[in-house]
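Here is a walk through a protein model, one stop at a time. Have the sequence and the 3D view open, and follow along.

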Amino acid sequence: MKTQTGYFETNRYRCLVYQEKQTDDLYLTLCGYEKCAPGYEFHTGQRTGYHLHVILGGKGVLCVNGAEQPVRHGQMFVTKPGEETWYRADEKEPWTYCWMTYDGNHAAHYTESAGFFDGVNVVDCNMDQRQFFLLVQRLLDHPELTLANDLLRLGLLLEFLSLAVESAQKQLPPSLRERELSADVYVDYAVTFILSNSANVKISDVARYIGINRSYLTNIFKKKMGVSPQEYLMQCKLDRACQLLRDSDASIQDISRRVGYDNPLTFSKIFRTRFGRSPTAYREEQKSPNHHDDPKENQTL
């Protein structure tokens with residue numbers, strides 16, 4: 001129910017809508033907390049501003065410009081201006097999240113500083129998620145339109161973004177370029193990042209995110225994993241495609257887009273090269289009562 005101007009509350013949801021600019025450089029437009037019902041889906045269309053969510057529990061799926069990726073407790077996700085976005089809570093473990101929405105001249109810079117580069121919408125949260133929630137809660141507890149609260153909103157937004165940036169910096173020590181960590185640690189971070197962003201990430205994004213150059217990443221990744229980062233990324237996309245072919249009735253074109261291939265013909269060609277049959281043939285085999293698992297299909301990297 002609506003309890004005050006700009007403030008909304010139900011038994012699952014609290015939200016403050018705020019349309020005043022504190023400064024041109026950065027300003028808050030929205031914040032809230034929601035304990036989502038199983039399967040709850042929210043379609044945003046192309047919104048303005050940056051919507052930074054911190055997952056407090058559970059899991060769900062984020063879809064950005066047609067590419068889906070799972071998001072879970074311990075991660076953050078952001079939607080950016082101009083993106084076609086929807087997100088859905090898991091049916092069995094629906095997520096709970098808090099968020100702040102902001103815009104301004106410095107908004108894009110702060111978002112990238114938190115690890116959300118171009119094409120990256122999901123990152124791990126290396127901070128106590130409750131710290132983010134407490135900041136949102138303070139905002140929700142002060143919905144009155146006063147000068148004091150106006151300043152409070154800007155201050156808490158800056159703290160929220162500070163935590164997000166600290167999370168990105170905390171992932172690795174300041175001496176990243178000196179490569180003081182072992183190669184195994186860098187590869188582990190790279191694998192985690194690829195798994196979280198396989199639908200729309202580039203290997204250059206992975207290297208930049210963990211703070212090493214691409215050639216060094218390729219070298220150490222191949223030594224540990226037996227394949228290049230690009231090959232690993234492709235396999236993650238195909239694993240997700242196999243799951244969608246088995247468990248959904250989505251079209252091949254839709255699945256292609258969800259896993260990060262804009263051209264379904266390119267997707268089908270890569271799929272056939274990997275599995276020896278087309279996506280359509282694979283789906284028909286999976287539905288056959290005489291189907292047995294293909295060792296090549298279940299091969300892990």
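Leaving aside residues up to four places away in sequence, Asp205 touches Asp118, Val120 and Phe193, where contact means heavy atoms within 4.5 Å. Before going on, note that this is a predicted model, in which local features need pLDDT of at least 70 and side-chain atom pairs count only at pLDDT 80 or more, while totals for chains, interfaces and linings use all residues. Residues are numbered from 1 along each chain as its sequence is written, and side-chain values use heavy atoms, with hydrogens and water left out.

Back to Asp205, which sits in helix H5 (residues 203–210); helices (H or I, at least four residues) and strands (E, at least two) are DSSP runs, numbered from the N terminus. Asp205 counts as buried because its relative accessibility is 6%. The cut-offs are under 20% relative accessible area for buried, over 50% for exposed and partly exposed in between, with a 1.4 Å probe and protein chains only.

Phe193 also turns up in the lining of the largest cavity, along with Gln75, Val123, Asp124, Gln171, Tyr189, Thr192, Ser196 and Tyr209. Strand E12 (122–124) and helix H4 (183–197) are the elements that give two or more residues to this lining, and H4 gives the most, with four. What counts as a cavity here? On a 1 Å grid over the protein atoms alone, it is a set of points where a 1.4 Å probe fits but cannot get out, and lining residues have an atom within 4 Å of a point.

Next stop: Glu231, in helix H7 (residues 229–247). Glu231 is partly exposed because its relative accessible area is 39%. A polar atom of the Glu231 side chain lies 2.8 Å from the backbone nitrogen of Ser228.

Last, look at the loop between strand E7 (59–64) and strand E8 (67–72), where you'll find Asn65. Asn65 has a phi near 50 degrees, a positive value in a residue other than glycine. At 46% relative accessibility, Asn65 counts as partly exposed.

How values were computed
1 Å grid on protein atoms, 1.4 Å probe; cavity = no way out; pocket = protein on both sides within 12 Å on 5 of 7 lines; lining within 4 Å. Polar contact = N/O pair within 3.5 Å; in protein donor to acceptor, adjacent residues only side chain to side chain.
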